[in-house]
Amino acid sequence: MARISFRVPRLIGRSGMAAALAVLVAASPVAAASPGATGAGDPYFPLQGNGGYDVGHYGLNLRWDPATDRLDGVATIQAFATQSLSAFDLDLRRDLVVTSVSVNGERAAFTQPALLQQELVVRPRHSLAKGDTFTAVVTYGGIPPVITDPDGSIEGWVPTADGAFVVGEPQGSPAWYPCNDTPTDKAAFDVTITVPAGYTAVSNGEMRARPATRYGWTTFSWRQRQPMATYLATASVSHFVVTTGRTPGGIPWTTAVEPALTADSAPALAKLPAMVDYFTSVFGPYPFGSAGAIVMDAPAIGYALETQTKPIFPGAPDELTLAHELAHQWFGDSVTLRRWSDIWVNEGFAEWSSWMWSEASGGDSAQAFFDYYNSFDNTNDWLWRPVPADPGDAANIFNSAVYERGAMTLQALRVKVGDETFFRILRGWATQLRYGNASVEDFTSFAARVSHQDLTHFFDVWLRQPDKPTSW
Ligand code: TRP
Ligand code: ZN
């Protein structure tokens, strides 16, 4: 079948492109309809996310062949128009070639402009009215590009010795599925992955159907019912050993570990149920339907990620790293940063929580971690700068100042307001902002409100002043 497509002339801007599209598609029925924005307004990642709609559900139907690294997908995206739309963008890297798009069952025009590296521009046959719900189906395929971040780390659908390590923070998701890749547009997900028999594919949430093998390929179906930010999705593949259970508190868990790493992973993973229950006791109910972990040999990645319900590790996890990623389920996954400059509301909290697990399980106290870092003087840029409240550049979002100075901030707050008030703040934050987004400023005002204290100076010296805090 002929594909309805068009080329956008090089070097015309966004409004020029809209004009070009308007010429190509005559008289829209909704006079006021205009194209949705190419980005969601994040200063660190201007093309990330899009304007004009809000996704409610992603249905991803994927097939991946480890022998060739080719990924083929059909993404069914249910969304709600927040403005009248003559066209809208999805985020998808151009290495994944789109072969068809439909909107509400009708073939839609689309393009993947060379100048906008992750924009798939869709022009439905009929404009969408503000308030309309609509379904877009995107068929695509190719070799997923491995994305290099501003800090030099890699992400996306990353092939490993025996599978694929799939991670999306902060910008890897458009390397494997079309999405509205902004942390502020959370959605439910159904992810179905077909891989050669013998492999296991693991995604977020719970298994929706038994794996089914036909003609040498096995299909795995997963469902994430609670809202999830796009960067937290995974669909990792390997020859996993899968283990399931329930925490004493009743939360189901699933771990998927590469066989060569089961022995080294066992000591930390044995504590996973107790960690989930401990954090539940401190932060309030576990936000999702299940917990777990994915462990792979992926030395080229080198960092863990809090993929929702099943954080992923590039080697056997140590106990503190596992605690960090599990705490992210409350701080990061359920309560998610609003902009990437708000990274402290994810990382400072997860890091402090890992100190707290140490304290609660008979190891060093959170105050001992604080004292250790506080022994470094102000000349140590790696620890004190750039400031946690805004690390200033996408290359700095995973710096130690965000993690360790950021965790010190919470421990200092704990001492300042006392345990009773402090844990009321954290629990209230996790509960009241559940499934939402929050900024650094949202937290500082929340803490001031709950504690009935003026914390302006405290947060100024801890989060915003470049020098090592000396009095607060
Ligand atoms: N969010 C991860 C964690 O701390 C870390 C992370 C994600 C990361 N992407 C990264 C660290 C890229 C360095 C580089 O749990
Ligand atoms: Zn983290």
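The shell around ligand 1 holds five nonpolar, three polar and five charged residues. Here Ala, Val, Leu, Ile, Met, Phe, Trp, Tyr, Cys and Pro count as nonpolar, Asp, Glu, Lys and Arg as charged, and the others, Gly among them, as polar. The model is predicted: local features need pLDDT of at least 70, side-chain atom pairs count only at pLDDT 80 or more, and totals for chains, interfaces and linings use all residues. Residues are numbered from 1 along each chain as written, chains are lettered from A and ligands numbered from 1 in written order, and side-chain values use heavy atoms, without hydrogens and water.

Start with the ligand's surroundings. Ligand 1 is surrounded by 13 residues, each with a heavy atom within 4 Å of it. E169, E306, E325, E347 and Y403 are the closest. Domain 2 (53–327) and domain 3 (336–464) each supply at least three residues to this shell; the domain bounds come from an automatic or database assignment.

Now the polar contacts, meaning pairs of N or O atoms within 3.5 Å. E169 places a polar side-chain atom 2.6 Å from a nitrogen atom of ligand 1. A side-chain N or O atom of E306 lies 2.9 Å from a nitrogen atom of the ligand. H328 has a side-chain N or O atom 3.5 Å from a ligand oxygen atom. Alone, ligand 1 exposes 360 Å², and the protein buries 90% of that (Shrake-Rupley method, 1.4 Å probe).

The space that ligand 1 takes is the second largest pocket. A pocket is an open set of points on a 1 Å grid over the protein atoms alone, with protein on both sides within 12 Å along at least five of seven lines. A molecule sits in one if more than half of its atoms lie within 2 Å of its grid points.

E169 also matters for the backbone description. Its peptide bond to P170 is cis, with omega near 0 degrees. P170 lies in the loop between β12 (163–167) and β13 (187–196). Helices (H or I, at least four residues) and strands (E, at least two) are DSSP runs, numbered from the N terminus.

R385 and P386 are also joined by a cis peptide bond, with omega about -5 degrees. P386 lies in the loop between α7 (381–384) and α8 (400–417).

How values were computed: A polar contact is a pair of N or O atoms within 3.5 Å; within protein, one must be able to donate a hydrogen and the other to accept it, and residues adjacent in sequence count only if both atoms are side-chain atoms. On a 1 Å grid over the protein atoms alone, a cavity is a set of points where a 1.4 Å probe fits but cannot get out, and a pocket is an open set with protein on both sides within 12 Å along at least five of seven lines; lining residues have an atom within 4 Å of a point.
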